[in-house]
Amino acid sequence: MEQRLANSLIMTVNEKKFIETALLSDLRVDGRRPFDYRKLSISFGREDGSSEVQLGNTRVMGFVTGQLVQPYRDRPNEGTLAIYTEFSPMADPSFEAGRPGESAIELGRIVDRGLRESRAVDTESLCVISGKSVWAIRIDLHIIDNGGNLVDASNVAALAALSTFRRPECTLGENGQEVIVHPPEAREPLPLIIHHLPVAVTFAFIGKENVVVIDPTHHEEAVMGGSMTATLNTNGDVCAIQKAGGEGVLQSVIMQCLRIASVKAGDITSKIKSAVESYNTERSLRKIKRHNPSPAGYKH
Amino acid sequence: MAVDRADGRTPNQRRPVACTRGILHRAHGSASWAQGDTKVIAAVYGPKAGTRKNENPEKACIEVIWKPKTGQSGKPEREYEMVLKKTLQSICLLNVHPNTTTSIVIQVVNDDGALLPCAINAACAALVDAGIPLKHLAVAICCCMAEGGHILLDPSKIEEQKVKAFVYLVFPNSMVSVLPQGSLRLGGELMEHGIITSVTHGMMAVDDYFSCLKLGRAAAAELSDLLRSSLKLKAGNDPSKAG
């Protein structure tokens, strides 16, 4: 326990006071304005359903896999969605391997609530044989680098990975009881049906004068008195709001935050959609090349 | 006789290597190593105060954490951690910082064959990026025995599953010496011909194993030249890392 505390971020009083005082003049340490996001870049791996998101210094990888399982008794027609969050020890010296800490569990719950309860992913289309065989989708989020605001980055990574994931096509066997899963070479795998993209936007409340900043860095997180995460989509729905303890905040401030969050959610959604589209074009180009007998030359 | 490999390589050709150092901001040293489609990220934190319970406090301790791409860490991950720990212990100078722990965290991004050699190479590059004192580098390569008795270098996952045996080999990197007598010799043999680690899967004849060693050594020498040039390139414009 002492080892973990010894490894966590220790800030001097000067650093804390500087962050708070600068914010009174609407200045942030990295030069942003209070409601500016850091640079968001989304890239994809070779396989379908793997994404890597970089938000400033924060880096998160998302992997989506699917498996055929028996459904839950009370929901025989629906597939399942499970989110596993790994706070890798490489992200922060205070993260320990092994059991997830409370912030890892809270992050997993926020992303889970945003996706599951808003019904962003269509689970009924994941059913193969009612009551016997459904697809269980598993999302693994690996936090690689902690530069602050892990919730937003993890959410984007989960959404990007889900948007590019493809599950194998399956048909029923002769007697209608067995499921034949077709390999990707035989039949083109199918994407998931995603109704909307719930985007999480995090606000930090620093100091006493109702100072609000969006997308805090890990230095600002060490100084903040409280934080709020709002998960919204571009249809104007609020999917989830999380404000767990911390400083009390005026209602007008909360409403202002929600208004800003809906604008930011629109920006982030369009970034995710354009990244997914370019990945899909590149994927179909790759498929065309595969059927071409290429000469014996491997690109170096 | 030409052996047809699925991606058009010759039997002695390894996949293209992409190595980048300093990719993470919080870690003291980090590197990503990709051989073809197999990609691994390694991060180093250290040296931290104190050693773990059963470790020798008079030397530095190396701790390896292996994170698979999906799923829980199980027995195969424990085995990889043990092999990596023993390999890195033999290349680090353990007496420089006694009673400290250096942690190396490995994250698998994609596994397309030769995962452990990729991880060893990534860990080595990350240790260099962190500035941990090393005796020499460890260069890892994989060789496998295909059906007709051919030896293939750097198999992909499909090739690894089809062959009857494969071996992961780790050699020290080739030495460039300023001394007139040339490279260091130990008992008449060149230092870089020593084997740091060898992990075999499946059954192969003794002669085949020696042929794999010969091929592996040549490949490791070529790979260590590539490492030398890529590490030198970065060292010139390296800004200091704060905390």
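Let's start with a word on burial: a residue counts as buried under 20% relative accessible area, exposed over 50% and partly exposed in between, using a 1.4 Å probe and protein chains only. This is a predicted model, where local features need pLDDT of at least 70, side-chain atom pairs count only at pLDDT 80 or more, and totals for chains, interfaces and linings use all residues. Residues are numbered from 1 along each chain as its sequence is written, chains are lettered from A and ligands numbered from 1 in the order in which they are written, and side-chain values use heavy atoms, with hydrogens and water left out.

**Aromatic rings**

Rings of Phe, Tyr and Trp (its six-membered ring) pair if their centres lie within 6.5 Å; planes under 30 degrees apart are stacked, over 60 edge-to-face, and the rest tilted. That rule gives five aromatic pairs over all chains.

A:Phe87 and A:Phe95 are both buried. B:Phe210, on the other hand, is exposed, at a relative accessible area of 51%.

**The sheet in chain A**

Strands here are DSSP runs of E with at least two residues, helices are runs of H or I with at least four, and both are numbered from the N terminus. Two strands pair if DSSP finds at least two bridges between them. In chain A, four strands make an open antiparallel sheet in the order S12-S11-S13-S14. At its edges sit S12 (211-214) and S14 (238-242), each pairing on one side only. Inside the sheet, seven bridges link S11 (residues 199-206) to S13 (residues 226-232), and A:Phe205 has A:Gly226 as its bridge partner in S13(A).

**A covered strand in chain B**

How many residues of S8 in chain B are buried? Eight of eight, along residues 165-172. In a regular strand, side chains alternate between the two faces of the sheet. One side of S8(B) carries B:Ala165, B:Val167, B:Leu169 and B:Phe171, the other B:Phe166, B:Tyr168, B:Val170 and B:Pro172, all buried.

S8(B) also has antiparallel partners. Strand S6 (residues 138-145) of chain B joins S8(B) through eight bridges, with B:Ala138 partnering B:Pro172. Strand S11 (residues 197-202) of chain B pairs with S8(B) over six bridges, and there B:Tyr168 has B:Val199 as its partner.
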